[in-house]
Each structure stands twice: as C-alpha cells, then as structure tokens.
Amino acid sequence: MKRSLVPSSAGAAVRAVLRPSTDALRAAGIEDSALNAYQNRLDRGVKGWMHLATANGDLLLATSDAHTATADGLHALRQLGADLGGILAKNKLRHVALDAQPAALTVAEGLALNAYRYTKLFGTKAKDQWTLEQLDVVGSDSAEFATWNALMDGVTEARDLINTPVLQLGSLELAARAEQLGAQHGFKCTVLHKAQIEALKMGGLLGVNKGSVDPPVFIVLEYRGEGAPQEHPTVLVGKGVVYDTGGISLKPSNFMEDMKCDMSGAAAVLGTFCAVAAAKLPVNVVGLIPATDNRLNGNALVPGDVITISNGVTVEVLNTDAEGRLILADALHYAKKYQPKLVIDLATLTGAASRAIGPYATVAMGTADRATWDALQASAGMTHERLVEFPFWDDYKELIKSDIADIKNIGGAEAGMITAGKFLEYFIDYPYVHLDIAGPAFLDRPVAYYGKGGTGVGVRLLTHFLTAQSRA
Ligand SMILES: [Zn+2]
C-alpha cells in the first residue's frame, strides 16, 4: 500500500470524507435526497459511513464526532477507518482519498491496519487478490505524515515477518532481513553467529537449537537518534522462535499450525526500530533478538535435561515447549552490558496469558517503577495496544524450584504466565517490563482493526512510549 499526503481530495474517483458540511456537499453537486439522508444521519448521531455513487465517482461520508484528545476517541476514529477498509474491500476499490482533518492520520491508521493483506505467497491466484494500492491522506503537515508513515511501515514489516512461514523465514533469513532493514532505515544491525553464541556460553539459545538443523543467531540492533538524551539506552528484547513445534514435548497439531508466529516479539522489536529510525526520533534504543526454531531431531533437548544459561544459572528443562524463556534468559543477561535504564521484552510466551485475557490485550508484569508503568499505560491507552498488569510477587518463585538445578523451566498448572515472568527475573539486574503478547500477536478471527494473522502488536505501543519518553 502506497500512502501519500495530498492537499485535497478533489478529482479522486473514490473520496472518503469525515463530517463534510452540507453546504460543501451541495456545492459538489450532491443530490437533495442524498443530502437529506446524510443530514438525517447527522441529526440522529449515526456513526459510520454512507456510500454514495455520484457522477464524479464513489463518495463515502461519515458522521463520527469522536476526537483525537482521548484514548476512546482515538479508538473510535481508528475503528471508523477500519470500517472504511471493510467497505473498500467489499467494493474492490483500490485507491481512496481520505479527507478527515484534523483526525485524518488517526482514521487513516485504522484504515491502513484493516486493509493490510499478506499476499506475497499467492501464486496463480495473485491477480485475484484485493489490496488497497493507494491511500491518499488529505492534509498539510508533512513532518507529522512522515512520522506516521514510518510507523505504518514498521507495523506492516512486523506483520509480514510474522505471517511468513518458516520455510521462507528461518533464523538466517530473519537475520538477513534485519540487516537489510537496518541499512534501509538507518539503524545498526550486528548478527552474532553460532561460534560467537558458543563463546558467550548462551546455553539457553544453544539448548533450544540442539533440535534444529539451522544454526541459531543473536541479532543486536542499535539506534541513537540525533538529539537523543545522553543516557543509557532502553533495551527491547524480542523472542525469535521462528517456528515452535514444542520440541520433544510436541504440540498437538491443532496447536501447532500457527507457530510461525512465535517470533512475533522479534517482529515487534524490528518493526519498532524501522518506525523510530525512519522517523529519526531522538531516542537511544538497543534491540536484542535471540532466534532459532524449536524442533526435534536426534539430538534435541529432552525433558529432564539440565542446561546452563550464560549467567551461570542452571535450568532443569521439564518441558521443551517452554523454550521461549530459555532463549530470552540469555538475551536478558546480555542486556546487562548496556546498563540499560529500562528493558522491555516482548514474547509470545505462554498459553496461560492468552487464556487469561484473550486477544484483547497484552499480559504485563515486571520490576519497573510506577512512573514507567504509568507512562506505558498511557501509551497503551492512546494506541489501543492495551496492557493488563499481573502480580510479580516472589510467592510464584516457589513454583519453579528444581530438585537438581537452580530452577526448572515450567511451573504447575497455575499462573503459568507469572511463573514464566518470575523465571526471567533470574536474568535481570535493571528495571524490567515483561510483555507476554501470546493473546494479541496472532489472530484466528478479526479483532478491532485487524484481520486474521499477525497484528504487529507492540510496534505502535513502543513507538508511542519511546516518543513520549524522549519528550519527557
Ligand atoms: Zn513453545
């Protein structure tokens, strides 16, 4: 989808206009009966679009009076954009000029998120696929548009990465794509390969990788924007399990088919780097992505094995499907060398998180101070990438005690999302936020602005948060 800023929607074959005046519509030659119907909607406070076919092309009119000052207003405007996406898709309209000032970028965001399609793997059916090819946004603030466009590119990149099967996106392809994106958008990307990972004694990443024929990678992203405050970086860590079979603790097939999405955390970190670097935001961030697939071969980890993470903590692996925390452990330990002001990890980590609150929000927990949480929650509200804070009490540590090693990698049936978080706490020494995105990362049905598949959850949240932090 190409997105452009245009001075006016005049002349476009398909125009979508938010709250036009009836005078403007009359001047544009709209018939009285249509005008009356529109006025009627305004009077009744009907939200949503009215579709008119005029002599000059398709015209869509909406009457929402939501505004951009509140989280609820922003959500309503994005939803309006998403509804517009539905109408465009249904009518196979491929080019629209959206005139929704001053809410233009918010409505356009909902539209762009809704109109996203993953079409790269269609072969003979490629020509039949609808896509919104061109979105013209009526407005004049080119700097604001460029920042927004970079954000939409970042979300799109994350969704494409998530939706790409492991056959096309193994660990090495993910690393190559990260390098490409770094060169394209202006952030540094360093890929550590197996020999370096061995030298760093990353026993979690190497352990999970034992069942794979592809090598692991550890991807380091660095971006420091011009004018960024002179302080230690915020580190973003993304789980990059490019495919998760569960390993020897094999998943049932109906729980496995979507497991290309187990690198959604990695995708969110990469998408965020694309957004902040392309927009040249004055922030100082580091991204860490441990990546491997989790499969079975003759040498795969078995339940009962004990491995040693890079900080010396030994882990009894009782379930090889609880692999995300093993690779994150090495990444969280590695993050210490930056003396970070804050570390946020994103991971499709537990079914427990997804079962607790479904696809509607992210499960969050950690050791960061209240001011950090308040700032994160403010960004979560404004982006509708909502967070639900779970307890991080030490009581839960009891559940991951091992008889033969320092800890075990799985608790009992209770509070699985929290025992996973408490596991990760063994590898930190800095303010920490753990985001378990297992619910919202990949959808099996449309939710809010999103269709099925990868959502890129985390990109809009983190970009908003980092932007706000840079201004604080
Ligand atoms: Zn797993």
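**Figure 1. Buried residues of helix 4 in the predicted model.** The buried residues of helix 4 are Ala104, Leu105, Thr106, Val107, Ala108, Glu109, Gly110, Leu111, Ala112, Leu113, Asn114 and Ala115. That makes 12 of its 12 residues, and helix 4 is mostly covered. A residue is buried if 20 or more other C-beta atoms lie within 10 Å of its own, exposed if 12 or fewer, and partly exposed in between, with C-beta atoms placed from the backbone. The cover over these residues includes strand 1 (2-6), strand 2 (14-18), helix 3, strand 5 (95-99), strand 6 (134-138) and helix 5 (142-163). Helices (H or I, at least four residues) and strands (E, at least two) are DSSP runs, numbered from the N terminus. Helix 4 reaches 16 Å from its first C-alpha to its last, close to the 16 Å expected at 1.5 Å a residue. The expected span is 1.5 Å times one less than the number of residues in the helix. This is a predicted model: local features need pLDDT of at least 70, side-chain atom pairs count only at pLDDT 80 or more, and totals for chains, interfaces and linings use all residues. Residues are numbered from 1 along each chain as its sequence is written.

Figure 2. A cis peptide bond joins Gln101 and Pro102, with omega at about 0 degrees. Pro102 sits in the loop between strand 5 and helix 4. Leu98 is in contact with Ala16, Ala104, Val107, Ala108, Leu111, Leu135, Asp136, Val137 and Val138, leaving aside its neighbours within four places in sequence. Two residues are in contact if their C-beta atoms, placed from the backbone, lie within 7 Å.

Figure 3. The protein chain is divided into domain 1 (2-140) and domain 2 (149-471). These bounds come from an automatic or database domain assignment. Taken over C-alpha atoms, the domain centres are 36 Å apart. Domain 1 puts 13 residues into the contact, and domain 2 puts in 13 residues. On the domain 1 side, helix 3 (71-90) and helix 4 (104-115) are the elements that give two or more residues. Helix 3 gives the most, with six residues. By type, the domain 1 side divides into seven nonpolar, four polar and two charged residues. Ala, Val, Leu, Ile, Met, Phe, Trp, Tyr, Cys and Pro count as nonpolar, Asp, Glu, Lys and Arg as charged, and the others, Gly among them, as polar.

**Figure 4. The largest nonpolar core.** This core holds 148 residues, of which Leu98, Val107, Leu270, Val276 and Leu332 touch the most other members. Its largest share, 11 residues, comes from helix 9 (residues 264-278). Domain 1 and domain 2 each supply at least three residues. A nonpolar core is a set of buried Ala, Val, Leu, Ile, Met, Phe, Trp, Tyr and Cys residues joined through C-beta atoms within 7 Å.

**Figure 5. Ala178 in helix 6.** Ala178 lies in helix 6 (residues 171-185). Ala178 counts as buried because it has 27 C-beta neighbours inside 10 Å. Leaving aside neighbours within four places in sequence, its contacts are Cys189, Ile219, Leu221 and Leu270. Phe255 is 77 residues away along the chain, and 28 Å separate the C-alpha atoms of Phe255 and Ala178.

Figure 6. Gln339 lies in the loop between helix 10 (324-335) and strand 14 (342-347). Phi of Gln339 is near 45 degrees, a positive value in a residue other than glycine. Gln339 has 12 other C-beta atoms within 10 Å, so this residue is exposed. Ala415 lies in the loop between strand 17 (407-408) and helix 13 (416-424). Its phi is near 50 degrees, also positive in a residue other than glycine. Ala415 has 20 C-beta neighbours inside 10 Å and therefore counts as buried. Gly45 follows helix 2, with a positive phi near 70 degrees. The 13 residues of helix 2 (residues 32-44) should span 18 Å at 1.5 Å a residue, and its end C-alpha atoms are 18 Å apart, which agrees.
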